[in-house]
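Good morning. I have one protein to show you today, and I will keep it short. Please look at the picture first.

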Amino acid sequence: MKPLIDKQECDEVRNSFVTLELKQRKTFGLKVKSPLREKVLESITRATYNKFIIYKLPVSEKVLNVFKLYL
């Protein structure tokens, strides 16, 4: 896997995705459901998702494209 392409691009994709994801969240009892997050997790692992969204670590172009797909 090729390392990070462009930090600024990564940040933009992350921010847009998080904004979109927060808008879509629905609470069912104690569970928070997000259709967008579930779609992305079909293509990548939860660890990769967390690495990118929560820990803001660099990802490969392939992973970044998965997120871009849903923007």
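**One serine, then the whole chain**

I start with serine 34, which is in contact with Glu21 and Arg25, once its neighbours within four places in sequence are left aside. Contact here means heavy atoms within 4.5 Å. Serine 34 sits in the loop between β2 (31–33) and α2 (35–43). Is serine 34 buried or exposed? Its relative accessibility is 5%, so serine 34 counts as buried. The cut-offs are under 20% relative accessible area for buried, over 50% for exposed and partly exposed in between, with a 1.4 Å probe and protein chains only.

A word on the source: this is a predicted model, in which local features need pLDDT of at least 70, side-chain atom pairs count only at pLDDT 80 or more, and totals for chains, interfaces and linings use all residues. Residues are numbered from 1 along each chain as its sequence is written, and side-chain values use heavy atoms, with hydrogens and water left out.

Now the chain as a whole. The protein chain has 4 helices and 2 strands, in the order α-β-β-α-α-α from the N terminus. These are DSSP runs numbered from the N terminus: helices are H or I with at least four residues, strands are E with at least two. The radius of gyration is 12 Å, close to the 11 Å that the globule rule gives for 71 residues, so the protein chain is as compact as a globular protein of that length. That radius is taken over C-alpha atoms, and the rule is 2.2 Å times the number of residues to the power 0.38. Along its principal axes, the C-alpha trace spans about 40 × 20 × 20 Å. Of the 71 residues, 28% count as buried.

Next, the aromatic rings. How many aromatic pairs does a search of the whole structure find? The search finds 4. The rings of phenylalanine 52 and phenylalanine 67 have centres 4.7 Å apart and planes at 45°, so this pair is tilted. Rings of Phe, Tyr and Trp (its six-membered ring) pair if their centres lie within 6.5 Å; planes under 30 degrees apart count as stacked, over 60 as edge-to-face and the rest as tilted. Phenylalanine 52 is in helix α3 (residues 46–53) and phenylalanine 67 in helix α4 (residues 61–69), 15 residues apart. Phenylalanine 52 counts as buried at 0% relative accessibility, and phenylalanine 67 also counts as buried, at 0%. Ring pairs link Phe17, Tyr49, Phe52 and Phe67 into a cluster.
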